[in-house]
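The following exercises are to be worked through with the sequence and the model in view. Each task is followed by a solution in steps.

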Amino acid sequence: MICVSAGAFALALAAPGFTLEWRHSVTRTLWWERWTAGPQGLAPVEARMTGPGAGMEPPQDAIWRDGAWHFAPHVPPQQVVHLAASGATGGGWRLCAGGSCHDLPETLGPIRVQSAAACNTPAP
């Protein structure tokens, strides 16, 4: 189960993984990531970006294809993924899982995404 929360907002998704999509606050380039949920936490397995952002360059092994840099992130599984917003993008994140997509606006504040057996209990 994937649990998304921010303040009084909570969303439980019965899915083995999810995708995140957003725009970089300075360059307005589109970013996309696919994550899987497993016993070790949430792991990013695939990413693409239409261009670099301030302080965020594609890794050396990224491949340019179909108008975007494609790569596999070199990041270990995370117990909790925090989505923080600058307020400068004009929008938040789009999270898709199990065939449904949810817009997560910047106004929710810091958003927590985690994998847990039940969303009312903390992840291991």
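**Exercise 1.** Classify Asp66 as buried or exposed, and locate it in the predicted model.

*Solution.* Step 1: the relative accessibility of Asp66 is 72%. Step 2: the class "exposed" requires a value over 50%. Asp66 therefore counts as exposed. Step 3: Asp66 lies in the loop that connects strand S6 (63-65) with strand S7 (68-71). Step 4: the backbone of Asp66 has a positive phi of about 55°, although the residue is not a glycine.

**Exercise 2.** Determine whether Thr29 is buried or exposed, and list its polar contacts.

*Solution.* Step 1: Thr29 belongs to the loop between S3 and S4. Step 2: buried residues have under 20% relative accessible area. Because its relative accessibility is 14%, Thr29 counts as buried. Step 3: the side chain of Thr29 makes a polar contact of 3.2 Å with the side chain of Trp31. A polar atom of the Thr29 side chain also lies 3.3 Å from the backbone oxygen of Gly51. Step 4: leaving out residues up to four places away in sequence, Thr29 touches Trp22, Arg23, His24, Thr50, Gly51 and Pro52.

**Exercise 3.** Describe the largest nonpolar core and the surroundings of Phe18.

*Solution.* Step 1: the core comprises 24 residues, and Val4, Phe18, Leu20, Leu83, Leu95, Ile111 and Val113 have the most contacts inside it. Step 2: the strands that each supply at least two core residues include S1 (2-6), S3 (17-23), S9 (93-97) and S11 (111-115). Step 3: beyond its neighbours within four places in sequence, Phe18 contacts Ile2, Glu33, Arg34, Trp35, Leu42, Leu95, Cys96, Ala97 and Val113.

**Exercise 4.** Which residues does the disulfide join, and what is its handedness?

*Solution.* Step 1: the structure holds 1 disulfide, from Cys96 to Cys101, with an S to S distance of 2.0 Å. Step 2: the angle about the S-S bond is 110°, and the link is right-handed. Step 3: Cys101 has 38% relative accessibility and therefore counts as partly exposed.

Conventions
Residues numbered from 1 in each chain as written. Predicted model: local features only at pLDDT ≥ 70, side-chain atom pairs only at ≥ 80, totals over all residues. Heavy atoms only, no water. Core = buried A, V, L, I, M, F, W, Y, C linked by side-chain atoms within 4.5 Å. Buried < 20%, exposed > 50% of the residue type's maximum accessible area, 1.4 Å probe, protein only. Helix = DSSP H or I, 4+ residues; strand = E, 2+ residues; numbered from the N terminus. Contact = heavy atoms within 4.5 Å. Disulfide = S-S within 2.5 Å. Polar contact = N/O pair within 3.5 Å; in protein donor to acceptor, adjacent residues only side chain to side chain.
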